[in-house]
Amino acid sequence: MSLIAKLHKLVDGAYFVGIVDNANNVLSNSELHIKLDIRWIDMGAHVDTWFADPFILKADERTITLLVEEYEYTTCKGILSEILIDRKSYKLLNVRPILRQVTHLSYPYFVKENGSLFIVPESGQRNEAAIYQFDGDGYLQRQKKLIEGRCLDTQICKVGDKWYAFAVKATDEGLDATKKLYIYEADSLDGEYKEIQQIINPKNEERGAGLMFENNGHLLRPAQVCEGGYGKGVILYELTLENGKFVETEYARFMANPKQKNGLCLHTFSVYEDLIAVDGFDYKYRWIGKANPTIYKIKNLINKIVHK
C-alpha cells in the first residue's frame, strides 16, 4: 500500500458491515425508536479496502452472501463486490469484484425478475441510474439507462402491475438535496421511467438506505437520516398509494449510537428473511475525526508534493 493510501486509511476512517440476526423481533417492536444488536463482520487480514452499502443476496445455515460497495484506498473510489461470510463466526471468507468503472460505484440495489438478477447501483458520477445484469461469468453488464441525472441510492419496487423508482438527486445544495424525493413509474423493470411525483420533506430524510420490503402487509422504504449530518440513522417509511400518489408515514427509526463500536454512522438497512444488513463508520483513533480539518490540509499538501 502506498504512502498516500496509508494516509487515507488513517485519516478518512472506514465503514464496516454488520448483521442483525433477529429481523422479525426488530420489526415487530412497538417502539418507534429501536436499538440494534449488531454483529460486525471480522475482516481478518483484509485491510486494504472497506465495505459499505450491504445487501444480503442469499443466506443459509452456514454462510451469508452480500453485495457491497468495496472502497479502495489506492484509487479512492468504490467498486461493487460480492462477499461471503461465515454465519457462525461472522468472519470474511471471500471477496469477488463484480463491477469496476472509472467513476465511483456504490449501493448495489438488486431486483429479481423472471428468474434473473438485476442491479441498479449508485453511479451518480455517470449522471444516470442504470440497470445491470449478471452475465454467464458472474460479472455485471450494463443494460440501459433508466433515469437521467445524478441519482443517489435509487430504490426500485413493483406495486401492482407497475414499477416505481425512488431517488434523490445530487445538487449544489449538499445534504439539503435529500429533502426532495423523485418518484418515477414504468410499465416494466427496464421500461421508460417517467416522473410522476415529488415528495418534499422539511428535513434531510429522503435518501434511500436499502431494499424496499414488505412486513406484515406494510410496504416499507428505508431512508437515511441526514438531518444534522450524513448517516445519522435510518427511517423506515410505510408507503401507501392514495389516488395514484404515494404517501409516506414514519414506521420506525434507528439511530447511530456514537457510544458503540462503529457507531459514528448508520446509513444502510437491508432486510433478508430474518436478517438485517447494516453498516457503520469509525476511525482507528477517534481523536483523528476531531482533528480532521488540520489533518486534511497536511494530506492535501502531501498529495500535491507526490503528484508534482
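Which side chain does Glu205 meet in a salt bridge? Hi everyone, the partner is Arg253, at 3.3 Å from N to O. By salt bridge I mean a side-chain nitrogen of Lys or Arg within 4 Å of a carboxyl oxygen of Asp or Glu.

A quick word on the model. It is predicted, with local features needing pLDDT of at least 70 and side-chain atom pairs pLDDT 80 or more, while totals for chains, interfaces and linings use all residues. Residues are numbered from 1 along each chain as its sequence is written, and side-chain values use heavy atoms, leaving out hydrogens and water.

Back to our pair. Glu205 sits in the loop between β14 (194-200) and β15 (213-215), and Arg253 in strand β18 (residues 245-255), 48 residues apart. Strands here are DSSP runs of E, at least two residues, and helices are runs of H or I, at least four, numbered from the N terminus. Both Glu205 and Arg253 are buried; that means under 20% relative accessible area, with exposed over 50% and partly exposed in between, using a 1.4 Å probe and protein chains only.

Arg253 also forms a salt bridge with Glu250, with the closest N and O atoms 2.9 Å apart. Arg253 has 12% relative accessibility, whereas Glu250, at 30%, is partly exposed.

Next, Arg87 and Asp21: their closest N and O atoms are 3.4 Å apart in another salt bridge. Arg87 lies in the loop between β5 (77-86) and β6 (92-99), and Asp21 in the loop between β1 (14-20) and α2 (23-27), 66 residues apart. Arg87 is partly exposed at 24%, and so is Asp21 at 38%.

How many salt bridges are there by this rule? The count comes to 13. Thanks, everyone!
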